[in-house]
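Subject: Handing over a structure, with notes on what was found

Dear colleague,

I am passing the structure below on to you, and my notes follow it. Please read the two together.

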Amino acid sequence: KYDRQLFTMMFVRQVILTSILAAASVNAFAPVHKHAATRVAFQPATSLRMSDGDFLGGIGKQLGGFFGSKEKEVVEEKPALPDVVIDPDYKLAAIFLGAGVILDLIPYIQLTLGPLVTLLGVLFLVQTFRIRFVFTEKDFELKMGNMEDTGDNIVVGGANKWSYDSFVNYEFFPKGWQDSPQGPILVYFKETQTPSDKWDEGPGERANSEEAIASGAVPGQVHFFPALCNAKQIEAEFERRGCAKL
């Protein structure tokens, strides 16, 4: 009986020792894996610490590139053109008033053409005082002398305001007179901002005819106004603002 108890105790002891050794062997290998895992886990941390400079440097390059591109954009960006009010020009009114006075002294003509020319001279004089031609950042406008709106266009309706990118042509009549001392009589321009159903009204019917289009004209709304402003200045602004011309 004693031997059996001793044997049992030795067997239990052996089992415990075996379990301990087995546990020890598992623990012995686990740290290796854990250590390996730890090294693997810590390796990125080491790499992260080593790449902090590269990472921050990359951010710096990106920020530098970002601000650098902004600087280039600012340099390349065209400054906005200032608003310009074209100087009034009284030569046309003076010419018509002078011609009217002379015609009013000629028999028979003084009863027909003379009063008409004189009346036009007076009208041009009043309008030269009253109307201003204005170039804003995006539009060509007709304003009153106090810079108030002139109201709707009397021919086709809508505001007397047209964007530069809607221009398809402009000209002075007689052609080339903007370079002469007396200046032109009429300023002409054509635009596509006005609704197309209005384009054939008035002089637009001829300007948008099949013959005109075949000759190279571009469809659009026609505008004429007397040259009550500095023609050279308005021509320069048309060119400066990129208004199209055939």
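How many salt bridges does the count come to? The count is 9, where a salt bridge is a side-chain nitrogen of Lys or Arg within 4 Å of a carboxyl oxygen of Asp or Glu. Before the details, please note that this is a predicted model, in which local features need pLDDT of at least 70 and side-chain atom pairs count only at pLDDT 80 or more, while totals for chains, interfaces and linings use all residues. Residues are numbered from 1 along each chain as its sequence is written, and side-chain values use heavy atoms, with hydrogens and water left out.

The chain has 6 helices and 7 strands, taken as DSSP runs numbered from the N terminus (helices H or I of at least four residues, strands E of at least two). Along the sequence these elements follow the pattern α-β-α-α-β-β-β-β-β-α-α-β-α. Of the 246 residues, 28% are buried, which here means under 20% relative accessible area, with exposed being over 50% and partly exposed in between (1.4 Å probe, protein chains only).

Glu 171 is buried at 14% relative accessibility, whereas Lys 245 is partly exposed at 38%.

A salt bridge also joins the side chains of Asp 179 and Lys 232 (2.7 Å, N to O). This pair again links distant parts of the chain, with Asp 179 in the loop between β5 and β6 and Lys 232 in helix α6, 53 residues apart. Asp 179 is exposed, at 54% relative accessible area, and Lys 232 is partly exposed, at 41%.

Lys 91 and Asp 89 meet in a further salt bridge (2.7 Å, N to O); Lys 91 is partly exposed at 35%, while Asp 89 is buried at 15%.

The peptide bond from Phe 173 to Pro 174 is cis, with omega near -10°, and Pro 174 is found in the loop between β5 (167–173) and β6. Tyr 108, which is not a glycine, has a positive phi of about 70°; Tyr 108 sits in the loop between α2 (91–103) and α3 (113–130) and is exposed, with a relative accessible area of 71%. Met 147 also has a positive phi, near 70°, and is found in the loop between β3 (139–144) and β4 (161–163), where Met 147 counts as partly exposed at 36% relative accessibility.

Finally, the cysteines: the structure holds 0 disulfides, a disulfide being a pair of cysteine sulfur atoms within 2.5 Å. Cys 229 is buried at 2% relative accessibility, and Cys 243 is buried at 8%.
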